[in-house]
Amino acid sequence: MKCRVCREPAVIDVRRHNANFCRDHFLRLCRDQVAKAIEDFEMIAPGERVLVAVSGGKDSLALWDILLDLGYEADGLVLGLGIGDYSDTSTAHTVAYAEAKGAKLQRIDLREAYDIDVPTAAHATRRVPCSACGLTKRHLFDEVARDGGYDVLVTGHNLDDEAAVLFGNVLRWQTDYLARQLPVLPAGDGFPRKAKPLVRLAERETAAYCVLQGIDYVVEECPMAAGNRHLGYKEALDSVERSSAGTKHAFYFGFLQRAADLFAAGVAEGQGKADLGRCARCGAPSTAEVCTFCRLVERSAGAEPVALRPRGGR
Ligand code: AMP
Ligand code: FES
Ligand code: ZN
Ligand code: ZN
């Protein structure tokens with residue numbers, strides 16, 4: 001097995017590109033794919049300040065590393081979600097990376113800052129954990145980006161994630177979600193611009209990137225996510241990809257090139273939410289007087305903490 005670029009011994013095969021790569025050329029491929037996504041979708045302009053949401057998993061750590069390597073001013077944000085050991089380990093990996101790199105990292109621990117955690121908030125509000133978790137993450141990512149004056153918020157969603165979400169949205173014809181399933185959403189109405197620079201990289205590639213760069217990441221999946229629909233969609237697409245390499249890429253990028261516009265008409269501004277007011281408690285954009293996050297905090301702060309309840313859905 002030889003590297004496609006230099007003919008030296010290869011360390012990884014990428015079936016989607018029908019090629020093998022040595023360490024250096026694989027790392028370069030990853031950087032090039034991120035740079036291409038940023039350019040093609042106008043995610044980040046030169047000199048802009050970037051906030052990277054870093055979970056401590058392979059994707060967001062690889063993303064942070066690549067952005068720093070490409071020369072972006074990219075600060076990290078990690079949320080302590082209070083999902084038992086999983087959250088503690090995830091945060092520890094993120095902190096270790098930031099310290100090793102001398103990179104700026106902002107930490108918000110839900111228990112310290114709001115007296116809540118994801119399992120307890122999910123229980124108190126009768127939501128599935130991933131729903132309480134998702135709304136908390138979105139709210140805090142937006143808030144930190146807004147307060148810190150960042151130009152863009154980036155997350156580590158990769159090709160496998162986006163293809164699986166697209167698959168789920170298509171299976172149920174969730175046209176409103178399809179309208180917003182873009183690799184970049186413009187800023188508007190109090191929301192920062194949001195971008196997913198890893199859409200051209202698969203999960204296996206971000207994992208290999210971290211291993212080859214010596215970046216330690218949390219390997220376990222979130223215990224609350226086990227058995228959820230999203231993972232089922234991922235497995236279904238994995239099985240198609242195994243027999244037909246490149247299907248995920250064709251599915252997702254075919255959607256962007258040929259179908260996304262049909263759904264996106266009318267949501268170019270304000271991330272799809274027209275005429276938003278401001279939350280009376282926290283000032284976030286909101287259709288109600290008090291935003292969903294502040295209501296979640298009101299209902300769950302001080303509640304008796306619940307044990308982890310695996311098996312969620314989203
Ligand atoms: P997930 O929703 O767990 O698939 O994560 C999607 C993306 O959200 C990750 O790639 C990160 O960019 C971000 N993210 C997830 N969990 C956290 C966290 N605890 N702190 C900061 N960012 C996170
Ligand atoms: Fe949010 Fe698992 S990461 S519920
Ligand atoms: Zn090579
Ligand atoms: Zn609020």
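By class, the shell around ligand 1 comprises seven nonpolar, five polar and two charged residues (Ala, Val, Leu, Ile, Met, Phe, Trp, Tyr, Cys and Pro count as nonpolar, Asp, Glu, Lys and Arg as charged, and the others, Gly among them, as polar). This is a predicted model, in which local features need pLDDT of at least 70, side-chain atom pairs count only at pLDDT 80 or more, and totals for chains, interfaces and linings use all residues. Residues are numbered from 1 along each chain as its sequence is written, chains are lettered from A and ligands numbered from 1 in the order in which they are written, and side-chain values use heavy atoms, with hydrogens and water left out.

Of the 14 residues around ligand 1, those that come nearest are A53, V54, L79, K137 and G156 (a residue is near a molecule if one of its heavy atoms lies within 4 Å of it). Strand β4 (73–80) and helix α6 (129–147) each supply at least two residues of this shell, and β4 gives the most, with three residues (helices, H or I, of at least four residues and strands, E, of at least two are DSSP runs, numbered from the N terminus).

Now to the helices. The axes of α5 (residues 118–125) and α13 (residues 292–300) come within 9 Å and cross at roughly 90° (axes are lines fitted to C-alpha atoms, for helices over the stretch in contact, and angles run from 0 to 180 degrees between N-to-C directions). Helix α5 is therefore roughly perpendicular to α13 (65 to 115 degrees). Here T120, A121, A124 and T125 in α5 meet L296, R299 and S300 in α13 (contact means heavy atoms within 4.5 Å).

Technical notes: Angles under 35 degrees count as roughly parallel, over 145 as roughly antiparallel, 65 to 115 as roughly perpendicular and the rest as oblique.
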